[in-house]
Amino acid sequence: MNSELAFIFPPFVNEYIGNEKDIIRSFGFNIDKLLERSEDITSLKLSGFDEETNNFIGEELPSQYLAYIFSCAVSDFLSTLKIKPALVSGYSMGIYAALYHSKAISFKTGFDLIRTAFQIINNHTLGNSFSMATIVGFTENDITQLIGNNNNIEIINRNNQHTFVISGLKPIVSQVVQKATEEGALYCRILKVNSPYHSKFMHKAAEEFSDYVKGIDIQMPIVPIVSLLNQQFITKPETIAKELADNIHHRMNWQATIEKMNQSGIKLFLECGAGESLSKIGKFIEGDFKTIHLGKLTKYLSKHSL
Amino acid sequence: MAKITENTRSEVSEVVYNFFMEECDVDASEINDNTNIIRDIDGDSLMFLELIEIFKKKYTLNIDLKTIGKFVVKNPVETIGQLIDTTMLIIVHENNITEL
């Protein structure tokens with residue numbers, strides 16, 4: 001185990017690098033076989049996914065499955081290379097792949113959790129239109145002022161000092177994004193999701209999901225998982241169950257999570273999955289650490305031993 | 001307040017070009033002042049933010065991102081040349097940039 005290494009698992013992937021499957025194959029891992037196995041589990045034609053065009057982007061559940069599959073593939077080939085982290089953490093739905101890596105849940109259970117959470121959330125948000133967005137270049141105070149007294153929207157994550165994620169009713173999210181753009185936000189993006197994840201609108205869904213989670217098989221993790229919600233080290237199945245339910249409706253703090261791991265001695269974060277979102281976010285978090293994404297992994301491993 | 005010398009523009013230019021070569025995996029011969037950052041080399045807005053942070057530290061600038069954002073809304077940055085020009089304005093005028 002490398003005491004200075006952590007694996008971090010990305011959420012739903014909005015932007016793929018474009019050649020993830022080739023990179024994973026170059027490490028000798030059979031991603032096609034894993035996709036076939038995933039098709040058997042999900043009954044969805046996932047092998048038709050093209051990461052260059054991101055042809056599943058409008059389909060939320062398959063997109064979540066794909067993010068999970070790519071993360072598990074990276075986790076698997078890194079394990080085969082005997083690269084072992086001291087800690088793991090998952091951003092939002094990245095928690096499922098983090099739990100898979102730590103052997104707390106099986107590959108199939110990850111799919112069951114993703115599907116069930118998705119269905120429960122859909123049932124509880126029927127009849128309303130929701131959205132989420134990222135705002136870059138504003139302080140938390142700036143965004144709080146934009147939101148004002150509106151109870152139908154909230155900040156649900158601090159990615160870093162310059163980047164926040166908001167979640168709530170779709171028209172309100174759009175209004176806040178428009179206002180932020182007019183008032184000088186360097187970058188705003190409406191996320192391709194239809195549910196207000198991590199917000200108060202998810203309270204009832206989280207209660208139902210909590211009941212479901214009580215019935216699944218969760219093992220003792222072989223690597224501690226760092227909570228994105230309260231930055232505690234999770235080492236027991238019962239705490240994992242609580243984290244899974246809380247992850248649906250609690251505010252996250254990715255910046256604090258990275259800082260906590262850095263303070264615990266982590267100097268290198270490997271972004272285990274598709275895209276490079278966590279590496280980009282990490283550039284604006286202060287600390288003595290590096291983040292390497294899949295696109296840079298081959299070059300990094302050719303020069304460094306882990 | 002940043003100390004501006006006759007070399008500042010070439011320093012800024014060197015930092016910007018090295019940054020894009022590293023981040024976008026391109027050779028020096030593939031980029032010039034007319035290169036469109038998003039369309040030609042697959043760059044993104046976060047790279048602008050990263051460069052602002054680099055120059056903020058390098059020249060100890062007193063700048064507010066929101067102020068820069070307001071300026072950029074009216075004066076969009078698309079090419080490497082425009083980015084260097086905007087960076088020079090930020091270094092010279094800091095938070096007074098919106099008064100230009």
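## A partly exposed ring and its partner

At 23% relative accessibility, Phe201(A) counts as partly exposed, because the buried class is kept for residues under 20% relative accessible area. This value, like the others in this report, belongs to a predicted model.

Which kind of aromatic pair do Phe130(A) and Phe201(A) form? The two rings make a tilted pair, with 5.0 Å from centre to centre and 55° between the planes. The pair links distant parts of the chain, since Phe130(A) belongs to strand 3 (residues 130–136) of chain A, whereas Phe201(A) sits in the loop between strand 6 (187–190) and helix 8 (203–213) of chain A, 71 residues apart. Phe130(A), with a relative accessible area of 5%, is buried.

## Other aromatic rings

A pair of aromatic rings is described by the distance of the centres and the angle of the planes. Over all chains, the count comes to 16 aromatic pairs. One of them joins Phe49(A) and Phe70(A) in an edge-to-face arrangement, with the centres 6.0 Å apart and 70° between the planes. Phe49(A) lies in the loop between helix 2 (31–42) and helix 3 (60–80) of chain A and Phe70(A) in helix 3 of chain A, so this pair ties together parts that are 21 residues apart in sequence.

## Chain A as a whole

Chain A contains twelve helices and eleven strands, and along its principal axes the C-alpha trace spans about 50 × 40 × 40 Å. For 306 residues, a compact globule would have a radius of gyration near 19 Å, and the 18 Å of chain A agrees with this. Of these 306 residues, 59% count as buried. Among the contacts in chain A with a separation of 6 or more, 75% come from residues 24 or more positions apart.

The accessible surface of chain A comes to about 12,700 Å², and 48% of this area belongs to carbon and sulfur atoms. The chain carries 29 positive and 32 negative side chains, with the centres of the two sets lying 4 Å apart.

Ser279(A) is found in helix 11 (residues 277–282) of chain A, where its relative accessible area of 6% makes it a buried residue. Leaving aside residues up to four places away in sequence, Ser279(A) touches Glu271(A), Thr291(A), Ile292(A) and His293(A).

## Positive phi angles in two loops

Most residues other than glycine have a negative phi. Lys103(A), although not a glycine, has a positive phi of about 65°; this residue lies in the loop between helix 4 (94–101) and helix 5 (107–125) of chain A and is exposed, with a relative accessible area of 55%.

In chain B, Thr60(B) also has a positive phi, of about 45°, although it is not a glycine. Thr60(B) is placed in the loop between helix 2 and helix 3 of chain B, and its relative accessible area of 61% makes it exposed.

## Helix 3 of chain B

Is helix 3 (residues 65–74) of chain B mostly covered or mostly exposed? This helix is mostly covered, with seven of its ten residues buried, namely Leu65(B), Lys66(B), Thr67(B), Ile68(B), Gly69(B), Phe71(B) and Val72(B). These buried residues pack against helix 6 (140–147) of chain A, together with helix 2 (45–58) and helix 4 (80–93) of chain B.

Key: Residues are numbered from 1 along each chain as its sequence is written. Chains are lettered from A and ligands numbered from 1 in the order in which they are written. This is a predicted model: local features need pLDDT of at least 70, side-chain atom pairs count only at pLDDT 80 or more; totals for chains, interfaces and linings use all residues. Side-chain values use heavy atoms; hydrogens and water are left out. Buried means under 20% relative accessible area, exposed over 50%, partly exposed in between (1.4 Å probe, protein chains only). Helices (H or I, at least four residues) and strands (E, at least two) are DSSP runs, numbered from the N terminus. Contact means heavy atoms within 4.5 Å. The radius of gyration is taken over C-alpha atoms; the globule rule is 2.2 Å times the number of residues to the power 0.38. Accessible areas come from the Shrake-Rupley method with a 1.4 Å probe; for residues, only the protein chains shown count as cover. Lys and Arg count as positive and Asp and Glu as negative; His and the chain ends are not counted. The place of a charge is taken as NZ of Lys, CZ of Arg, CG of Asp or CD of Glu. Rings of Phe, Tyr and Trp (its six-membered ring) pair if their centres lie within 6.5 Å; planes under 30 degrees apart count as stacked, over 60 as edge-to-face and the rest as tilted.
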